[in-house]
Amino acid sequence: MQQHQGPAESLRDLLRQSAIGLLSQSGYLPTLYAAIRLGVSTGSTALVDATQPLVAGALAGPLLRQRVTGRQWCGLLLGLAGVAVVTAADAGATRGVASWAYPVPFPGMLSLVAATFLERRAPADTPPSVALTVHCATSAVVFTALASATGAAAPPAGASFWTAVVWLVALSTLGGYGLYWLVLHRSGVTRVNALMFLVAPVTAVWEALLHGEPFGAQTGIGVAAALAAVAIVHRCGDGGGGAGPRPHRIGAGRTVAHDAPSTAPRVRGAGPERRYR
């Protein structure tokens, strides 16, 4: 049964979603682009991102009480190996990059993991569309303030800039972040993070089709391994880090799991027993 939040609960949910937006966008993107600007290859940054599912899988048990099965751990490790194979040539071709630049993307990756777990531990089940709106509004304030402080608030007049903006809004924000929170909402931490293994293979295929980059046997093996890893993790069932029960308020001091109807408690009232779901 859907419950209406009071003003205090709505404010807490708004603040929580704002914090999630700060972590998932304002915390993740700057470190990623900073690493690329320092000369770190996109393949190397993709490899850093590929460690995210392993970190999330290790934390799912103690933080969310969601068990990651042995088969899913095999899938996660296979995915990491696949991404490593895809990005090995790209990372090996990079020269003249300071060694300290390679760890730069790690804080951003951990920031996205923290945002993911903060969302899963939220007592209120915020629709992904509402959550994404709050995330973008919060990050817009942060990035506008940073741009103003550095004297870069005025947008360029060139058509290429606005084309890039449309691309980022349609594909990166709505397509990337939007689908990330939607899949997290429906499937849970381990499954949504397993999809991160597809970033490097999709990038390799995209570059081969649009820019004529070589797509050799090594890349093909890595792509196949990443696809197999995602299939393994997603076929292992909900017992290994699926959506899991999220506490849902039904009254003062009482909570139930909204996605566990078979064990939903009966709440006695003035009339017949009513089952809350």
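**Ground rules.** The model is predicted, so I kept to local features with pLDDT of at least 70 and to side-chain atom pairs at pLDDT 80 or more, while totals for chains, interfaces and linings use all residues. Residues are numbered from 1 along each chain as its sequence is written, and side-chain values use heavy atoms, with hydrogens and water left out.

**Helix α11.** I took helices as DSSP runs (H or I, at least four residues; strands are E, at least two), numbered from the N terminus. Helix α11 covers residues 217–234, which is 18 residues. From first C-alpha to last I get 26 Å, close to the 26 Å expected; the expected span is 1.5 Å times one less than the number of residues. I then listed its buried residues: T219, G222, V223, A225, A226, A229, V230 and V233. Buried means under 20% relative accessible area, exposed over 50%, and partly exposed in between (1.4 Å probe, protein chains only). Viewed down the helix axis, the buried residues of α11 fall within an arc of 160°, so they line one face. The arc is taken from the directions from the helix axis to the C-beta atoms. A217 and I221 are exposed on the other side of α11.

**Nonpolar patch.** I found a nonpolar surface patch of about 1000 Å², made by Y33, I36, W167, L168, L171, V205, W206, L209, L210 and F215. Patch residues have over 30% relative accessible area and no salt bridge; nonpolar side chains (Val, Leu, Ile, Met, Phe, Trp, Tyr) are joined within 5 Å, like charges within 9 Å. A salt bridge is a side-chain nitrogen of Lys or Arg within 4 Å of a carboxyl oxygen of Asp or Glu. Areas come from the Shrake-Rupley method with a 1.4 Å probe, and for residues only the protein chains shown count as cover. Helices α2 (29–37), α8 (159–187) and α10 (199–211) each give two or more residues. The largest share, 4 residues, comes from α10. W206 lies in α10 and counts as partly exposed at 43% relative accessibility.

**Cysteines.** I counted 0 disulfides, taking a disulfide as a pair of cysteine sulfur atoms within 2.5 Å. C74 is exposed at 53%; C136 is partly exposed at 27%.

**Loop residue S99.** S99 sits in the loop between α5 (70–92) and α6 (105–120). S99 is exposed at 62% relative accessibility. The C-alpha atoms of S99 and V40 are separated by 9.5 Å, although the two are 59 residues apart along the chain.
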